[in-house]
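Welcome! Here is a short tour for anyone meeting this structure for the first time.

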Amino acid sequence: MPELPEVEVCRRLLAPKLVGRRIASVRCGPPSYFFLTPPRRLEQSLVGEPVTALERQGKYLLMALGEGRRLLLHLGMTGQLYIAGARSPRLIRRVERERLAQGSAAVESDPHTHLMLEFEDGGPGLRFRDVRKFGKVRLLAAGESDSRLDKLGRDALSVDGELLFAASRGRKVPIKTLLLDQGVLAGVGNIYADEALFLAGIRPTRPARRVTREQCARLAEQVRRVLERSIETGGSSISDYIAPDGNDGQFQNERRVYAREGEACGTCASVIKRIVIATRSSHYCPRCQR
Ligand SMILES: [Zn+2]
């Protein structure tokens, strides 16, 4: 599932290829829960719109159009947003990689490609492909918001210790649960929460209210650090494609605890443990994290 870093990598790659261009035509797949705005309305409303910016809030992308209108894009579980004709086979799922190797251009557009934008300059268009259709597209009128955006807390890339400290006072929930609360911090996924807690030396089960101000500062710093590092490594390995499951970036090679249950901690050699907190797998070093 694309997490904040993958979405930010996607934004950084696509922004320079989209901003300043004007939409000439729109093609949508058949109506489905993918479309929060009906396909026919998108096809009518988007034509002629300039793309003035590509922004991100948590895991949502917002394409700024003319006069305050915005296109909300969410990658869901398997969404891929890319420029037509992109060829970056190592980041495409194996079946498509094989099709490409056989010289097929089928990946350009298939039954899973739900949204296709072409531009007035005649250059390559934008494609939104999503096999499982948990992605979302919604056109927002000027000044209109979306309840999904309104519920988001501070973007995790700009978290600071004071915010975590304030949010955790009086909270009995494990600190890990608080980190994953999108209303507190937008965009922290399971892997980044586990890694940041390890780097900050805090056990994921610790009640949030018992994390000190100093530890909150350290934790906030590590949350930013793991996210930024993941963006860097994702950025270095992705050209036009975004991995459908976020696993193709290099960050996974730098995991210290996440999904390393039973392996030795790189710092102290203790055995890394896995427990379940609020239905999510959590990994930690019993010696380095208190
Ligand atoms: Zn350790």
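Which residues of the largest nonpolar core touch the most other members? Of its 32 residues, they are Leu164, Ile175, Leu179, Leu185, Val188, Leu219 and Val223. A nonpolar core here is a set of buried Ala, Val, Leu, Ile, Met, Phe, Trp, Tyr and Cys residues joined through side-chain atoms within 4.5 Å. Helix H8 gives the most to this core, with seven residues. Apart from this core lies another, of 29 residues, with Phe34 and Phe119 among them.

Please keep in mind that this is a predicted model, where local features need pLDDT of at least 70, side-chain atom pairs count only at pLDDT 80 or more, and totals for chains, interfaces and linings use all residues. Residues are numbered from 1 along each chain as its sequence is written, and side-chain values use heavy atoms, with hydrogens and water left out.

Now to the metal site. Cys265, Cys268, Cys285 and Cys288 coordinate the zinc ion through their SG atoms, at 2.2 to 2.4 Å; donors are N, O and S atoms within 2.8 Å of the metal (3.2 Å for Na, K and Ca), and water is not among the atoms, so sites may look incomplete. Along the chain, the donors follow the spacing C-x2-C-x16-C-x2-C.

| Residue | Relative accessibility | Class |
|---|---|---|
| Gln222 | 8% | buried |
| Cys285 | 0% | buried |
| Cys288 | 24% | partly exposed |

Notes:
Buried < 20%, exposed > 50% of the residue type's maximum accessible area, 1.4 Å probe, protein only. Helix = DSSP H or I, 4+ residues; strand = E, 2+ residues; numbered from the N terminus.
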